[in-house]
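Subject: Structure for you to look at

Hello,

Here is the structure I promised to pass on. Please open it next to this message, and read the notes with the model in view.

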Amino acid sequence: MKMKRQLASSLAVVFSTLAVWSCNQSDPAPKGDYVSGVFVSNLGNFLQNNGGISYFARENNNATADVFAAANGTALKGGVQDYTASEQQGIILVDNSVAGQDKVQFVERYTFKDEGTIGAPDIENPREVVIVGRKAYVSCWGTNPDYKYSTGYIAVIDLTTKKVTKKIDIAKGPENLVYNAGKLFVGTTTYTDGNMLTVINTNTDAVTQSIPMEGVVTPIGVDANGKVWVNAGIKALRVNPESLVTEATLAIGTDATKVPESFTMSNDMKTIYFVLTAYDANFNPFGKTYKFNITDSQIDLSKPFISRYFTGLTIDPTQGLLYAAVTPSSTQSGYAVRYRGDGNVVDSIKVGISPNGFFFQ
Amino acid sequence: MLWAGFALALPVYAQKDSIALDPVIVKGFVPQKFMSGLKIQRIDSASIAQLRYQNIGDILSAYTPIAFKNYGPGQLSTASFRGTSANHTAVLWNGLNINAPTLGQTDFSTIPVAGFDQLSVQYGSSASIVGSDAVGGSILLDSRASVTPFHVSGGRQQESFHNNQSRTDIRYAFPLNNAWAFSGKTALYYGRMNNDYPNPTRNTYALLPTETFQKGIVQDLFLRSQNDQEISAHVWLTDNKLTLTPDDMQGREMTRTTAYRTMVRYQVRTFTIRTAWVRDIIDYAKGDLSHPDHSVTDKFASRIEKDFTLSMGSDVNPVSVKTGGEWTHYRSRVPGYALSPVGENRTDFFLLTRWQPTTRVTTSVNLRQGLVTGFNPPFTPSIGLEYGLIQKTLYNLTLKGSYGRSYRVPTLNERYWKDLGNPDIRPETGWNKEIGLEQTFKAAFGGTLRTSATFYHNRVKDWTYWNPSRNYRVENLQQVLARGIELQLSYQRQTGPWRTGLDAGYALNKSSQEKAYDNYSQDIVGKQLVFVPEHTANANAFVQFKYTKLTGQLQAVSKRYTTFDNSQFLDGYGLVNLLTETTFAFYKFKLVLQGQVRNVTDTFYLNVRNNAMPGRSFAVSLTFSYDSQ
């Protein structure tokens, strides 16, 4: 509900896309106006409930600002916190400024036609979504009336019936989700002092472990060696997915007032990109974009990959370009800026208000 | 600048001995007679009475081109007057600016028609007369002394969605002795908007569940003497409680706006002194409503003014002069402020003149200097001119023009809000130019026809802005140019038992940001400001036969951009309302039965929250009154 600065995750999205991609190879060609291209999640502006999903084909440099409105003649009526898709179905997390108006919006994946919603009280303040088989896991803050983040949960959605089958309570504002081999790794929002990495068994949909860490936890993804990377405070940790033991710890500088965010992994799963955000005296976010290799012994902050601050970061699994979201303000259109692997800019595309994440198909 | 103010004021005092005192008492709380060259629209009492159970926004939408930024029925509604923002309309109650000092604006959903007797709308900047906030225009709400010995009225309006409004007014007047007469008014109002919409959505857009309760009391007392003395006391207590999603115990949000407005005024011939205390309280809570955030702001305001006439020679009309000062102290306790309480003093000196050198020419030169703790607003002069191009018995054509400076003192929130406020924020300053023609046909189509056309150009510098690209820190970042044209027409005719009338208006408002402030501002410069429709139109037509009146109202606005780069907008719309009322009179009693159909065409439109506004709805009211005369 309360619109917040984004932790752009989309890693989960990338993985689910890859899975879907391989599944799709043998299927007949999908039909629709939005078959192959880039989807951008836009938060919109607080109280105006004017977020949406922008779309453009990779060869184009102009976008349809709001594909849901274009396909259905009506807006989503909220900010978009996250978007992902199963084989045929797109799942949009819609966050409205007023309690009880949040929802999970289902759409046909290639036409973006409305296929129903799940609203309150099942879904309140949705944050991130990841698909595992025929289930979707949605992290939610719950009603959170006092902003103490004590009402959070993971909603488990049966994608066949489009119903929430279970709510798994998670304290301190559940946020980023990463799935790997029967385990869902859950982090929390940076607005709390939460420091738990929660692990959910996706066969039983129960919490199996809660591992305390040094700082707020954001799961990043799974690398080429099958290791799970996790951000905790100003550290990046390599975690063994079986034993859950931390095998390596890399410091992201020494300034604890800075917040590393928008983690994304390269297509070979050997390089991790992130934005290190700081706030000036006017609470204006600024920062630069960095990268490190999974075999590095330390993270070098002396050489930024791109000397710019972004509100979202994802690598296109098809072309390998880095897509970075630029939000000039929450009252004007944002941009998707594309970069090559060497950090040189390709172009920029005007999208919706407050872009914060990308989905590729 | 301080000394300039004194220097200009002093010679007038110095010349006191040489001028003749004007024996005529200047009526009214706001010195409108010094507003020559400016456009003033008086809303007639019949129009006010017709919407007696509604909010002021309903009247202003029906009769003026002011556009409202509305969050939904019974929710926050702020004005955009002549292409300006919510902070640029001064709302004056008996001459006192009642914009909330914290927010610097008025929520028009909290001002019921029951709260005032007279309503005038003054277009354009009148800062030299009104002071801060009068950049786009001013709304003047006045109390009026009762003229009848005893009058009581009461009634109730029942509306769709289980909404209802009630009010009771008692007016009284009697002589106390040979020298003094007493009159007064006591009014009570109560409204309850349950907004029980039968269908929770329209065209898939939610009709947000909300409740609004409104209640208040108005007390006016006037003591008038034979020898041009008047003492008056005015009290207006009002309470407005809005709850969003009231049935959602955890997510509901309550905003309660309470104001205590009190004023005492004493006038002896040409000298007037006024003192006022206003307390604005805002309570906000979410989920658990028992411990709201509680903000209290007190405003103590005193004003002294003196009228003179300045002789210009034996064969020329004298110059009318009004000079005086205002002293205001603010004290505010707001949970979000870096300091609590905060205090601030403001002082204003003004010198107003009006001169009619010939029957064709009226001119005003007005000067004001404000002084504020921490900084001084600009020296604010203005000049206005009215010239009678054609002055015939049945036809009048007048050219009007005005050129003046405006300013807006930063609000307390802008200065003191923790982290996001800016104690060093500069006052906004602007120059407003306007020129217009007014014509009156006294025998057109058997009635009186008035038309006016006005062009205005208002450039505001240091426009303050809660900058969304700086996490909403307040900054003096914009320069805005608002310009436009207003066309208005009013026609009234009476033939035997029949009366007909039409009020219609159209306005073009182009309001855009002129200056750049960051890398992405090329997407914004030159674009229409958000929530300012380029075109607005309003019409109000009635036919009356004896005691029965049928009225049609039209309000139309063009699309309103919702983002600064104009990439998103809310569609334009037109609303039609129908009102019919009939009066049954017997002896000294009257019964007024009124029916309304609102949004007759069931037009779909959206509010600022991207929620649907209600479709067709109905209201019926019954008002009983007794008048001793």
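Below is what was found in it, chain by chain and then at the contact between the chains.

One caution before the details: this is a predicted model.

**Chain A overall**

Chain A has two helices and 26 strands. Its C-alpha trace spans about 50 × 50 × 45 Å along the principal axes. Now take the contacts in chain A between residues at least 6 apart in sequence. Of these, 45% join residues at least 24 apart.

**A four-stranded sheet in chain A**

Four strands form an open sheet in the order β11-β12-β13-β14, with antiparallel pairing. The edges are β11 (174-180) and β14 (206-212) of chain A. Each has a single partner strand, so one side of each is left without a neighbour in the sheet. From one strand to the next, the twist averages 25 degrees.

Here is the walk across the sheet:

- β11(A) pairs with β12 (residues 183-188) of chain A over five bridges, in the antiparallel sense.
- A:V199 has A:Q209 in β14(A) as its bridge partner.

The β13(A)-β14(A) pair is a hairpin, with four residues between the strands. In the turn, A:D205 has a positive phi of about 50 degrees. How much of strand β13 (residues 196-201) of chain A is covered? It is mostly covered, with five of its six residues buried.

**The nonpolar cores**

The largest nonpolar core has 94 residues. Those with the most contacts inside it are A:I53, A:I92, A:Y137, A:V138, A:I154 and A:V230. Leave aside its neighbours within four places in sequence, and its contacts include A:F39, A:V40, A:V67, A:F68, A:V80, A:Y83 and A:I92. Its contacts also include A:S41, A:N42 and A:D66. A second, separate core has 67 residues, among them B:A62, B:F350, B:L352 and B:V460.

**Chain B overall**

Chain B has five helices and 33 strands. Its radius of gyration is 24 Å, close to the 25 Å that the globule rule gives for 629 residues, so chain B is as compact as a globular protein of that length. Its C-alpha atoms fill a box of roughly 75 × 70 × 45 Å along the principal axes. Buried residues account for 46% of the 629. Of the contacts in chain B with a separation of 6 or more, 63% are between residues 24 or more positions apart.

Chain B has an open sheet of five strands in the order β1-β6-β7-β4-β5, with mixed pairing. Its edge strands are β1 (39-43) and β5 (96-97) of chain B, and each pairs on one side only. Inside the sheet, β4 (residues 89-93) and β7 (residues 137-142) of chain B run parallel and are joined by five bridges. B:T89 stands opposite B:G137 in β7(B).

Why is helix α3 (residues 56-63) of chain B largely enclosed by the rest of the structure? Eight of its eight residues are buried, so the structure around α3(B) largely encloses it. The buried residues are B:I56, B:G57, B:D58, B:I59, B:L60, B:S61, B:A62 and B:Y63. B:A62 is also one of the residues in the second core.

**Where the chains meet**

How many residues of chain B are in contact with chain A? The count is 32, and they touch 26 residues of chain A. By class, the chain B side has ten nonpolar, 13 polar and nine charged residues.

Best wishes

Notes. Residues numbered from 1 in each chain as written. Chains lettered and ligands numbered in written order. Predicted model: local features only at pLDDT ≥ 70, side-chain atom pairs only at ≥ 80, totals over all residues. Contact = placed C-beta atoms within 7 Å. Nonpolar A, V, L, I, M, F, W, Y, C, P; charged D, E, K, R; others polar. Buried ≥ 20, exposed ≤ 12 C-beta atoms within 10 Å, placed from the backbone. Pairing = 2+ DSSP bridges. Axes fitted to C-alpha atoms, helices over the stretch in contact; angles between N-to-C directions. Core = buried A, V, L, I, M, F, W, Y, C linked by C-beta atoms within 7 Å. Rg over C-alpha atoms; globule rule 2.2 N^0.38 Å.
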